[in-house]
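Here is a short briefing on one protein model. Look over the sequence and the fold first, then work through the points below.

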Amino acid sequence: MSVFEVWAPNATKVRVHVDGTATDMFATQQGWWSCDVTKVPGQRYGFSLYDGEAWSPVVPDPRTTEQPDGVHGLSQVSDESYEWTNHSWTGRILPSQVIYELHVGTFTPEGTFDGVISKLDYLKDLGITTIELMPVQPFAGDRNWGYDGVQWHAVHEGYGGRRGLKRLIDAAHNAGLAVILDCVFNHFGPEGNYTGMFGPYTQGGNTGWGELINLNGFGSDAVRSYILDAVRMWFEEFHVDGIRLDAVHALWDPGAIPLLEQMTYLKNEVEATTGIPRVLIAESDQNDPRLVGAQQAGGYGLDGQWIDDVHHALHTLVSGEQHAYYADFGSTEVLAETLKNVFYHAETFSTFRGRTHGRRLDTTIVPASKFVTYTTTHDQVGNRAQGDRPSMNLSPAQQVLKAAVVYCSPFTPMLFMGEEFGATTPFCFFVSHSDPELLRLTREGRMNEFKRSGWNPSEVPDPGAVETFERSRLDWEFTEEQQEIHAAYRHLLQLRHELRLARPYLEHMDVEYGDQWVMFGYDDVRFVANFSAESVTVPFGGELVYSFTDPVVSETDTTLDGWGFAILR
């Protein structure tokens, strides 16, 4: 049995309080403290720290695995046992996957892991192979996107806690679905973070969301272990199939062995010892192919990364928006470039950034499956002033056109919950901080951010209001129009599989474009699309496989309706 331990180099004395009884701890090595009190599942505990002048209040364990009373409450020793039933699960590699991003709290009326379980059959029927959960680590209050997490080894109790997450993963595997967990390792949330009392978990500087995590300064070995132990826990104890790494560009990590590379080593070890593949997917705005480059060639060896450039090219073409970071997008030429070379900004000038951005990618050696593409994400919806989805501004034909481009491309596609039926509920930014001043600052920050981007701040929903959260819940009663959109999504995902469109190398894919149209494909199958409201004739014909509208197809050309597309062979 293990005993209570804690890394607290900032303290001169430490006490552990277990079920109301305080015990002095003794220093061991490199800032660690221990005691002779044995851990027993169900015990409630915390630590008080002496800084040389005074004792602190009792606070949670930075490595807590269970917080029954929220981020400010006592920690609880977890019972790690669980009777898994997913014995036949062999895992999934990233190529050929279809990912579905969801927020547990707003995906179903229940807002729990069990609520997600009730939708697994629906997702499988749609053509989904992998669900991606937005962060589930504890945050202040009961309403949050999850990116304000502060206890990286625990699970938010309001969703169902540790056992609820294990039930979901077990059920998903038995349904043939993989589970990816979105993890935030680049900052701590603004409320409930007590790590600074214990040791140098951060190193000053700011990501825009919080202080930089200490990955290379004094004491950083323990901080890296804190992160890597979390990754191992999700893989081994929770049977998670993959981790999406939030905003890795915000990791200040100039050392000789980057944290991301250590994660790859760890993942490889887990794969070798369990026989089940795992994936690591980075979110980054740097357009840096080294993230997915082979370690032998100086890369980090990650399995995939999100690609905003394809989204931006599609969004601007269909919506007409070209403000802020959309400034350089909005033409069929740009879309064609991203389809062929992934990054639009690849050692080229970015108007939004005012500098050269990105790096060229060698598409002859890096497969397209390493790049996760989408028509929208939680960010692309929730970081709009009113949290309005594309489906709230676009026609069904425009929505399905965007989806068809993504699903007929060789990239790994991802859906954001509700887009498959044209959801008309927004996905707003919401929080439930208990500190009134923090809530005020959050409100003002959002208002000022949108004002700078040209939005009317009076139209921004109050992120702290319960109504803002409730409005963001999906409505599962489909209208006739939504049923048509859903049927189109389902059919497109079927065709992606049947036509074997997840082909690995972009150099084998032909891409052509005109002022209003784009074509991409191969000798045996082509996709043509019209990015205008007027009909257009494209110089490609053949046999029509599928369209959401009514194109006229001949042997030599195809006339597409406004916002129409055709899959040809």
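At what angle do helix H8 and helix H9 pack, and how far apart are their axes? The angle is about 155 degrees, and the axes lie 9 Å apart.

This is a predicted model, where local features need pLDDT of at least 70, side-chain atom pairs count only at pLDDT 80 or more, and totals for chains, interfaces and linings use all residues. Residues are numbered from 1 along each chain as its sequence is written, and side-chain values use heavy atoms, with hydrogens and water left out.

- Two packed helices are described by the angle between their axes and the distance between the axes.
- Axes are lines fitted to C-alpha atoms, for helices over the stretch in contact, and angles run from 0 to 180 degrees between N-to-C directions.
- H8 covers residues 308-319, and H9 covers residues 332-341. Helices (H or I, at least four residues) and strands (E, at least two) are DSSP runs, numbered from the N terminus.
- H8 and H9 are therefore roughly antiparallel to each other. Angles over 145 degrees count as roughly antiparallel, under 35 as roughly parallel, 65 to 115 as roughly perpendicular and the rest as oblique.
- The crossing of H8 and H9 is left-handed. That word applies if the near helix is turned anticlockwise from the far one by less than a right angle, and right-handed applies if clockwise.
- H8 brings Asp309, Val310, Ala313, Leu314 and Leu317 to the contact, while H9 brings Thr332, Val334, Leu335 and Thr338. Contact means heavy atoms within 4.5 Å.
- By class, this contact of H8 with H9 has 6 nonpolar, 2 polar and 1 charged residues. Ala, Val, Leu, Ile, Met, Phe, Trp, Tyr, Cys and Pro count as nonpolar, Asp, Glu, Lys and Arg as charged, and the others, Gly among them, as polar.

**Helices H6 and H7**

- H6 (residues 220-236) and H7 pack at an angle of about 30 degrees, with their axes 10 Å apart.
- That makes H6 roughly parallel to H7.
- The crossing of H6 and H7 is right-handed.
- Residues of H6 in the contact include Arg224, Ile227, Leu228 and Val231. Residues of H7 in the contact include Leu259, Gln262, Met263 and Leu266.
- Sorted by class, the contact of H6 with H7 has 8 nonpolar, 1 polar and 5 charged residues.

**The annotated active site**

- Which residues does UniProt mark as "active site"? The unreviewed entry places this feature at Asp246 and Glu283. UniProt positions are given in the numbering used here, feature names are shortened, and annotations may be inferred rather than shown by experiment.
- The two residues span 38 residues in sequence, yet no two of their C-alpha atoms are more than 5.3 Å apart, so they gather at one spot.
- Asp246 sits in the loop between strand S13 (242-245) and helix H7 (259-274).
- Asp246 is buried, at 9% relative accessible area. Buried means under 20% relative accessible area, exposed over 50%, and partly exposed in between (1.4 Å probe, protein chains only).
- Leaving aside neighbours within four places in sequence, Asp246 is in contact with Tyr147, Asp182, Cys183, Val184, Asn186 and Glu283.
- Glu283 sits in the loop between strand S14 (279-282) and strand S15 (304-306).
- Glu283 is buried too, with a relative accessible area of 14%.
- Not counting residues up to four places away in sequence, Glu283 touches several residues, among them Arg244, Asp246, His249, Trp306 and Asp379.

**Two buried loop residues**

- Trp476 is in the loop between helix H13 (466-471) and helix H14 (480-498). Its relative accessible area is 16%, so Trp476 is buried.
- Trp476 and Ala423 are 53 residues apart along the chain, and their C-alpha atoms are separated by 8.6 Å.
- Leu361 is in the loop between strand S17 (355-357) and strand S18 (371-374). Leu361 is buried, with a relative accessible area of 13%.
- Leaving aside neighbours within four places in sequence, Leu361 is in contact with Pro289, Asn341, Val342, Phe343, Val366 and Phe371.

**Positive phi values**

- Most residues other than glycine have a negative phi.
- His239 is not a glycine, yet has a positive phi of about 60 degrees. His239 lies in the loop between H6 and S13.
- Is His239 buried or partly exposed? At 23% relative accessibility, His239 counts as partly exposed.
- Asn287, also not a glycine, has a positive phi of about 50 degrees. Asn287 is in the loop between S14 and S15, and is buried at 7% relative accessible area.
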